[in-house]
Amino acid sequence: MSVYDDSIVNPLVTGKNGVDTLIGKVLKKFPNESPINANWIISPYAPTPTIIEAARSLYENHTVEDITRHEADKVSTDKTIAYILDVIQKSKENQQKSICFVTGVPGAGKTLVGLDVAVKQTYQGTNNSIEEDQAVYLSGNGPLVAVLNEALAQDNFKKCRVQGEKKKITDSRREVSKSIQIIHRYRDNMLAKIKNPVENGVLEIDPTKAVRNDSAGFGEVEHVAIFDEAQRSWTHKRLADYLKRGGTYGNKLKVPNFPLSEAAFLIWSLDQHEDWATIVCLVGGGQEINTGKAGISEWIKALNEQFFHWNVYISPKLTDAEYAEGRVNELLENNANVTYLEDLHLSVSLRSYRAEKLSAFVHALLSFDDNAATLYNEIKDKYPIVLARDMAKARRWLREKARGTERTGVLVTKESARFKPLAIHVLPSGDENTVHWFLDDKNNVRSSNYLEDAATEIQVQGLELDYTCLLWDADMRYENGEWHFYRFNGQTKWIEQIANTESKKELQKYMLNAYRVLLTRARAGMVICVPEGNPNKNASGFWEDSTRLPEFYNGTYEYLKSLGIEEI
């Protein structure tokens with residue numbers, strides 16, 4: 001039966017008359033297993049999907065409850081979705097402007113909630129979108145948007161062909177992209193309608209560029225917009241500098257002296273509706289991997305100073321220290337339109353369905369918390385985490401673990417540099433490469449399953465695989481009880497990044513969070529490969545490779561091993 005170590009066997013084939021005989025043989029094969037439970041017999045088969053699988057199901061008008069299985073008692077996604085949809089409905093009925101802030105632990109399903117709200121609001125139980133009520137899911141994460149759009153477009157194209165409908169794949173891509181967009185292009189669409197140059201620091205719609213709707217004003221964007229990772233919206237300075245030089249994403253429109261942050265401009269855009277609008281901000285905490293981000297305080301500042309007529313619905317967790325430096329209560333104390341709701345916080349991780357405490361373990365590992373070893377012991381049986389010093393062993397472990405349609409992949413940080421000696425290449429930039437990496441079949445060399453191209457934190461943020469190998473390079477090293485951070489000069493040596501300036505402190509934070517992201521991408525288990533380096537010297541007594549000395553890696557390896565992580 002080709003039994004795995006968890007008593008799962010390969011698919012067995014039989015006719016209807018042989019089912020009872022086959023079940024009898026299986027039971028004899030596993031005489032010590034627990035008897036079959038009656039509840040198990042009548043329960044549905046509902047494996048937890050990846051975000052890509054979940055998006056496909058949502059697009060087919062399923063619900064989050066239909067497509068998520070979870071081993072914890074409390075999964076609050078449905079309550080959160082219902083509350084947001086109720087806010088949208090009341091905003092429309094009462095002709096009001098509303099904004100919701102949704103928080104959640106890493107992997108709790110914030111993206112799922114955003115996608116589900118977009119689909120439910122747009123289709124409202126029908127097969128066709130309701131144009132006047134359409135919602136759009138927005139993300140600054142280009143790879144995530146590209147992968148989701150392509151996955152949904154391929155499904156849409158195949159379904160239409162099966163039904164005999166003549167349709168091109170480009171038509172499917174265009175249709176899907178209305179509901180899921182990259183935030184920069186969405187922003188540029190509204191920028192093209194303003195008076196330019198901006199006078200006296202005040203944005204105004206140019207009536208020669210935008211058609212006024214009698215009931216809705218100049219708001220040509222959707223009435224409902226969902227912003228994923230809202231804390232990563234750009235600061236005023238970054239957006240102003242970007243628009244001053246003409247941008248890179250959409251129309252390359254130059255707007256000198258732009259007066260708003262990205263958060264303020266996005267609220268302003270929906271505020272151009274004269275009837276109603278709703279914004280949903282999905283907020284993550286402590287996972288920044290890029291610079292120039294404003295944080296959630298910029299949204300609150302805009303609401304307090306310019307959009308005080310908006311109703312604010314907020315998760316109580318937004319007052320925690322990781323959001324707006326713990327100043328949310330202080331920032332909102334004079335805003336009379338604030339309502340705090342527990343239903344706007346997602347407290348249970350859905351990503352790692354076998355290990356609720358994975359996020360806590362990763363946090364403890366990276367912060368040298370004394371509970372790290374205890375947390376590892378609590379999750380290791382359900383969620384295997386192992387160490388390797390050899391990529392060949394790491395690849396073999398991944399291939400032995402994955403079965404069926406489960407996906408594997410190698411991950412590195414963007415600061416990694418000395419991976420070529422290990423027969424690893426970094427996945428080239430460009431969303432198309434990420435799409436192939438996540439979606440192509442196992443027999444395609446561009447697929448993640450080939451374990452040749454390693455993706456970085458930029459390419460996998462918000463996405464996931466079943467089993468991963470994190471290749472831990474010399475860019476972040478455990479030395480004398482703390483992390484030390486390095487950048488390779490591209491030629492001969494690593495240069496330590498001492499936190500003696502604000503920019504260096506920010507860089508260290510982003511490098512640390514890059515490892516946090518990569519350590520939480522696997523849904524079922526991972527291997528951490530810390531190379532041995534090159535201990536050899538040439539005939540002259542010099543190191544063969546001074547960029548990969550064993551001492552660069554050994555400290556990290558010994559630290560991880562001290563937590564109890566077993567080496568394969």
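1. Let me start with a helix pair: H5 passes H6 in a right-handed crossing, meaning that the near helix is turned clockwise from the far one by less than a right angle. Helices here are DSSP runs of H or I with at least four residues, strands are E runs of at least two, and both are numbered from the N terminus. H5 covers residues 77-94 and H6 residues 110-123; their axes come within 10 Å and cross at roughly 45°. Axes are lines fitted to C-alpha atoms, for helices over the stretch in contact, with angles from 0 to 180 degrees between N-to-C directions. That angle makes H5 oblique to H6 (under 35 degrees would be roughly parallel, over 145 roughly antiparallel, 65 to 115 roughly perpendicular, and the rest is oblique).

2. A word on what you're looking at: this is a predicted model, where local features need pLDDT of at least 70 and side-chain atom pairs count only at pLDDT 80 or more, while totals for chains, interfaces and linings use all residues. Residues are numbered from 1 along each chain as its sequence is written, and side-chain values use heavy atoms, with hydrogens and water left out.

3. H7 and H17 (residues 431-439) make another pair, with axes that come within 9 Å and cross at roughly 55°. So H7 is oblique to H17, and the crossing is right-handed. On the H7 side the contact (heavy atoms within 4.5 Å) includes Gly 142, Pro 143 and Ala 146, and on the H17 side Val 435, Phe 438 and Leu 439 are among the residues involved. By class, that contact has 7 nonpolar, 3 polar and 2 charged residues; Ala, Val, Leu, Ile, Met, Phe, Trp, Tyr, Cys and Pro count as nonpolar, Asp, Glu, Lys and Arg as charged, and the others, Gly among them, as polar.

4. The largest nonpolar core holds 83 residues, and Phe 361, Leu 365, Leu 366, Ile 385 and Trp 472 have the most contacts inside it. H7 (residues 142-162) gives this core its largest share, 8 residues. Apart from it there is another core of 46 residues, with Phe 101 and Trp 234 among them. A core here is a set of buried Ala, Val, Leu, Ile, Met, Phe, Trp, Tyr and Cys residues joined through side-chain atoms within 4.5 Å. Buried is under 20% relative accessible area, exposed over 50%, and partly exposed in between (1.4 Å probe, protein chains only).

5. Have a look at H14 (residues 358-367), whose buried residues include Phe 361, Leu 365 and Leu 366. Beyond four places in sequence, Phe 361 touches residues including Tyr 376, Ile 385 and Leu 563. Phe 368 follows H14 and sits in the loop between H14 and H15 (372-379). Phe 368 isn't a glycine, yet its phi is positive, about 60°. Its relative accessible area is 27%, so Phe 368 is partly exposed.

6. Other backbone spots to check: Gln 95, also not a glycine, has a positive phi of about 55°. Most residues other than glycine have a negative phi, and most peptide bonds are trans. The bond joining Asn 196 and Pro 197 is cis, with omega about 10°.

7. Last, Val 136 in strand E2 (residues 135-139). Val 136 has a relative accessible area of 0%, so it is buried.
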